[in-house]
Amino acid sequence: MNAPDRYERFVVPEGTKKVSYERDTKIVNAGSFTIEREDHTIGNILRMQLHRDPNVLFAGYKLPHPLQYKILVRVHTANQSTPTQAYTQAINDLDKELENLKQAFEDEKIRYEERPKQGY
Amino acid sequence: MERAAGGVSYQRFPRVRIRELKDDYAKFELRDTDASMANALRRVMIAEVPTVAIDLVEIEVNSSVLNDEFIAHRLGLIPLTSAAAMAMRFSRDCDACDGDGSCEYCSVEFHLAARATDSDQTLEVTSNDLRSTDPKVCPVDQARAYQHALGGTEPFDTAAAADQRQLRRGQELRLRAIARKGIGKDHAKWSPAATVTFMYEPEIRINEELMETLTLEEKRNLVESSPTKVFNIDPNTQQVVVEDAEAYTYDDEVIKKADAMGKPGLIEINAKEDSFIFTVETTGAITAYELIMNAITVLRQKLDAVRLQDDDADLGELGAHLVGG
């Protein structure tokens, strides 16, 4: 009856930004990113990647409510960096990691298929 | 401009070793990454890798004992070969049609017509009776039967045909169905994954010096204390050896046993936090290898979608000057 449509979970409504950034009013180099229609999949890898950056003093994410299909990623960095810079860097690094992983899988598949030929 | 230069990279270089790879099953080791990445891959494989499944059913005649909704639901759950799904369009973004099955980019039409004639036998209607209009997309069982007929090596079980319903004399079922691309997040019928699991690789260390102080009986008790067969006793040397580290379920039973025997530190077990053992099983809609590769592709697309756009990056003072200047 009043159940939200299932696609609401992953289709960004028109006129809404996928990612928006809001600076913290009290702390310099801190702010939070609101990512629409994403969940733990993106939130957790982003947070963990941000933790690898020594300029990041704090990084955390939350899914405020299971029926509000968005996550908040809060970042606080040291003076050498900014939250937007750290955020972009984290995405670039994750993307390169996955590109690398894909290549690793392709190579390993070839190696795997060669294995029985060598063994017997 | 300083921001464009960015910082140094904190990228990781994961390693992979495939242990077993079959059409619908894969087991592999993933190393040099963390649990967030392993879990993201698992989540994407289950809920976000697209497949094709029946989504709209128009029933022309149904005089069977099952009601229309029941049959439509069962049709939806039939796994369809979805190797082409990654390249297809979602009906909601398709501009060539309204997602009504009139266009080849986003949908595939199926027909089913079955009628039990005068014999006293009931007629079994299965996914084998579905007729696809696109040879690339058909029920998985039909594709397997076809492969088998061509001399495929995989054994084929004819009883595996999905979605059985029975028609008695004079009963008829005739319908038109439209299959669309979708993801498991929308409805589980679109999930290509039967199971995707990962575990931390255990690292088991036995304190041999302390172990020597045990009698054979005590060693046996220790080995028996584990609910799964992780340890064994070497019949020649009578030493406790690790038989299958991965059988360990992180139950702590042997460690508790060692403590109870007054030998704390006899066995130490750690989860290696950067090594994972994955098990992937698919429904047959796509192969296990395709599922893994598509999951990586989908996760990269998702990451790309959450990049800051030029207009929403808060450039602060620098940005204000750039725009103003």
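Visitor: Hi! How many salt bridges are there between chain A and chain B?
Guide: The count is 7 salt bridges, where a salt bridge is a side-chain nitrogen of Lys or Arg within 4 Å of a carboxyl oxygen of Asp or Glu. This is a predicted model, so local features need pLDDT of at least 70 and side-chain atom pairs count only at pLDDT 80 or more, while totals for chains, interfaces and linings use all residues. Residues are numbered from 1 along each chain as its sequence is written, chains are lettered from A in the order in which they are written, and side-chain values use heavy atoms, leaving out hydrogens and water.

Visitor: Which residue of chain A does Lys185(B) form a salt bridge with?
Guide: That partner is Asp39(A), with the closest N and O atoms 3.3 Å apart.

Visitor: And how many residues are in contact on each side?
Guide: 48 residues of chain A are in contact with 51 of chain B; contact means heavy atoms within 4.5 Å.

Visitor: Which helix gives the largest share of chain A's side?
Guide: Helix 2 of chain A does, with 24 residues. Helices are DSSP runs of H or I, at least four residues, numbered from the N terminus.

Visitor: New topic: is Gln142(B) buried or exposed?
Guide: Gln142(B) counts as buried because its relative accessibility is 18%; buried means under 20% relative accessible area (1.4 Å probe, protein chains only).

Visitor: Where is Gln142(B) found, then?
Guide: Look in helix 4 of chain B, residues 140–149. Leaving aside neighbours within four places in sequence, Gln142(B) has contacts including Ser127(B) and Arg131(B).

Notes:
Helices (H or I, at least four residues) and strands (E, at least two) are DSSP runs, numbered from the N terminus. Buried means under 20% relative accessible area, exposed over 50%, partly exposed in between (1.4 Å probe, protein chains only).
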